[in-house]
Amino acid sequence: MGVQRLNDIPGFNIDRVAAAAGDDPDVLRLENLDTDIPPPAEAIDATRAALGTDDANSWLPYTGRDDLKDAVAAFIERRGGPPYDGRREIVITCGEGDAMLDALFCLTDPGDEVIVTDPTYAGMINRVRLVGAVPRLVPLRVVDGEWLLDLDALSAAVNERTRVVFVNNPSFPTGWVASDEEWDAIASVCRERDIRLLYLAYFEGVLFDGRTVTHPAALDGMRDRTVTIGCPTLEQRMIAWRIGWVVAPGELVNDVSRVHIYNGLVPSGFNQIGTRVALTIADDGLAAANTEWQRRRDETLRQLEGLPAVRPAGSWSLLLDVAALGLDCAQVSDALLEQKVAATPMRGWGGEVADRHVRFVFSNEPVERLELLGERARNALSGLGST
């Protein structure tokens, strides 16, 4: 017999598509959040060197190395965030997934509501459910070809059970980047209704078209109301390091530390050392990586020109509105795979908005391979009766 807490938690879809794609080198791998752009060489070297040291092969310290906590605090401040006491307000975790769950356990009780966007990362929605809270969806709308948050729906979604607004920005999978007006609206809701902002910052610096970082904890009255989740996974391309952090201001850090000890327990010592180096070197390669990811975004959009693809302002993926073509996202994903394109249906990544879309991750295929996408995508769609 299954437990009830899993009743509303679907599978991930990505693993299904990846398994179906197999090892065929001809398949365009647009289903998974990988990239072929390597991590900083200095971080790799530091991780290798740390493998042979005794203090990097220890249970201690449970909540992370002090030097990495200090590096995280300095990194956030360089980005325009507020000052934090790294050793007293930051917990190092075993990746961003553990960090999200740790934070949600400390911010919600069963039955509380957490506002998330539709679409959003399925790992956010379903961690809300895992802790016994209830996701309340606020739609993203397409205006002039880009995503915008429905601010009226945001205000209407807040009620006496709301405890948290949970956003990732730039948002995955849409590529929505909140404007100043949108951040101000989110902050106003949090201040006026006395609720927390849980900010997943893992794509924070992956921005296109000259956009710059806005750290919401720096907004008026938001430093001690914002809990920030970060990691080196995406910006520094350190996917397999599995290091993350929770910035838990004030006394909240005590709760997050306690949950972390019984959830992730202890992050990898040598990977913490590599992460510290990645956060402190002069050039982590992000600017060059963003230039290349933007080239790939632009080529993907060019290949899908004339189809209802939505332009992302940041992150590694974009969405195609297949419902606008009269099609179902799961059927389109299957048809694309028959044409050697692995792309993930967004069913379960929100509500009715997400359900309209198929996602293309453009971070792991070079432009020369992406040039194959247009013909294959149109063949798949025409096979389903769409032009």
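In which loop does P119 lie? P119 sits in the loop between β3 (113-118) and α6 (122-130). This is a predicted model, and the report below covers its backbone exceptions, its nonpolar cores and its pockets.

**Backbone exceptions**

Most residues other than glycine have a negative phi, and most peptide bonds are trans.

P173 belongs to the loop between β6 (162-168) and α8 (180-193). D194 is in the loop between α8 and β7 (196-200). K340 is also a loop residue, placed between α12 (329-338) and β12 (341-342). D194 counts as exposed because its relative accessibility is 59%, and exposed means over 50%. K340, with a relative accessible area of 31%, is partly exposed.

**Nonpolar cores**

In soluble globular proteins, nonpolar side chains tend to be buried together. In this model the largest nonpolar core has 94 residues. Those with the most contacts inside this core are F166, I186, L197, L198, L336 and F360. Helix α5 gives the largest share of this core, seven residues.

**Pockets**

The largest pocket holds about 260 Å³ of space. Its lining consists of 16 residues, and N32, L33, E96, Y121 and T233 are the ones nearest its centre. Helix α5 (residues 96-107) supplies the largest share of this lining, three residues. By class, the lining of the largest pocket has nine nonpolar, three polar and four charged residues.

The second largest pocket contains about 170 Å³ of space. F75, R78, R79, A278, L279, I281, A282, D283, D284 and L286 line this pocket. Two elements, α3 (66-78) and α10 (269-280), each give two or more residues to its lining. The lining of the second largest pocket has six nonpolar and four charged residues, with no polar ones.

Methods. Residues numbered from 1 in each chain as written. Predicted model: local features only at pLDDT ≥ 70, side-chain atom pairs only at ≥ 80, totals over all residues. Heavy atoms only, no water. 1 Å grid on protein atoms, 1.4 Å probe; cavity = no way out; pocket = protein on both sides within 12 Å on 5 of 7 lines; lining within 4 Å. Points joined across faces, edges and corners; volume = space filled by probe spheres on them. Helix = DSSP H or I, 4+ residues; strand = E, 2+ residues; numbered from the N terminus. Nonpolar A, V, L, I, M, F, W, Y, C, P; charged D, E, K, R; others polar. Core = buried A, V, L, I, M, F, W, Y, C linked by side-chain atoms within 4.5 Å. Buried < 20%, exposed > 50% of the residue type's maximum accessible area, 1.4 Å probe, protein only.
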